[in-house]
Amino acid sequence: MTLTREELRKLLLPGLAALALVAAGAGLVWGAQQSVRSAQLRLAAAEADRRESTERLTRIAEEEREVKEKLDVYQQLKQLNILGEEHRLEWADAITRIRTQRELLDLRYRVDRQKLLISAPGKPANVDFYASTMKVELALLHEEDLLRFLADLRASGNAYYSVKQCLITRTGQAATGASIVPRLRADCEIDLITIIDRAAKR
Amino acid sequence: MTQTSTENLKVAVVEFRRIAERSASPEQAFVHVSRVLEQFPQIELDSFNWGVGRPDARRDRPAGAPPDAAAAKPGQGNAAETLELSGRVNATQRNDYRAITAQVQRFAAALGASQGYELVRTQLPFDITSEGTLTGDIGGGSAESGEAPRFTVTLARRLP
């Protein structure tokens, strides 16, 4: 088919319009693809942000749980007077009370001078752990007397009682009908541990 | 109500827990020894020496005493519970070395077989090693004094 000059002139305008429309269509497709790509990038960034925020939130929640749990322990240490200065008079009272309540035959003790056990670095100040070693001599009817004494001592608070050594030996004393004779003797060393938090404010 | 920093709160509690984990009480050792003793009615204990701490820092250890179990095993935790039992074997002829040895060794093996305790050392009332001299108080002074031969068993249990 051969087109005349006249026909070509008539087709020129629609042809140009068609080319323009094809170009516009291609531009729109390209623009849409760019838009999709950009949206995908934004989505990925938003998802990454969300993941990071979730992780941060989880970390914060975990830290909060940890701090809460430690706060409970800290408060217990405070209530038991393990945190704070030593209470030597209360120690003496507790031992006297235990001896009376348990009807222990003989009980002697000596608390040595306080020594620094550990100084743990904290912020803004250190947390110092002190120990005062108590040497106890007990006359026992039965080994259970010693275990009860240790349990009562722990329950009395005012320090954390860490038993370091206990030597139990037979007294060799023969039982007499007239009086109760101790059959065993215990020599123990117990560290009475207290904590000073240098950052604590009352 | 005491206020402190979060850092100090954490440090105080973490360090306290560490100290508490390294602490122990003689109750468990008493229970363990009592249960084993029930199986050995002929054995009578004279002393029960319980301790806890770094094995090399164990107080009042007599000169020449052998190292404790945890000290002999490098890489293990520092804190250990040690238990030294001294006693006698009754109802056995004092010159019956074989019977006394067997009973002490069975007793020591039973002590070191459970509850996490390890047998560190068994000292018989006499020396039966090739390096030593077979002496002791059997048929000697102890026979006159009427005392049964004494043995010593040392156990250790590692703390976390």
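Predicted model: local features only at pLDDT ≥ 70, side-chain atom pairs only at ≥ 80, totals over all residues.
Biologist: How many residues of strand 4 of chain A are buried?

Modeller: Helices (H or I, at least four residues) and strands (E, at least two) are DSSP runs, numbered from the N terminus. Strand 4 of chain A has 11 residues and is mostly covered. The buried count is 8.

Biologist: Which residue has a positive phi after helix 1 of chain A?

Modeller: The phi in question lies near 60°. That residue, which follows the helix, is Asn81(A).

Biologist: Which strand of chain A runs antiparallel to strand 4 of chain A?

Modeller: Two strands pair if DSSP finds at least two bridges between them. Here 10 bridges join the two strands. In this pair Gln165(A) stands opposite Glu189(A). The partner is strand 5 of chain A.

Biologist: Which strand of chain B is joined to strand 4 of chain A?

Modeller: The two strands run antiparallel, with 5 bridges. Cys166(A) stands opposite Trp50(B), and Ile168(A) faces Phe48(B). The partner in chain B, residues 43-53, is strand 1.

Biologist: Which element gives the most to the side of chain A that touches chain B?

Modeller: The contact (C-beta atoms, placed from the backbone, within 7 Å) takes 34 residues from chain A and 29 residues from chain B. Elements giving two or more residues on the side of chain A include helix 1, helix 3 (143-155) and strand 5 (184-197). With 9 residues, the top contributor is strand 4 of chain A.

Biologist: What order do the elements of chain B follow?

Modeller: Chain B holds 4 helices and 4 strands. Of its 160 residues, 34% count as buried. Among its contacts between residues at least 6 apart in sequence, 73% join residues at least 24 apart. From the N terminus on, the order is α-α-β-β-α-β-α-β.

Technical notes:
Residues numbered from 1 in each chain as written. Chains lettered and ligands numbered in written order. Contact = placed C-beta atoms within 7 Å. Buried ≥ 20, exposed ≤ 12 C-beta atoms within 10 Å, placed from the backbone.
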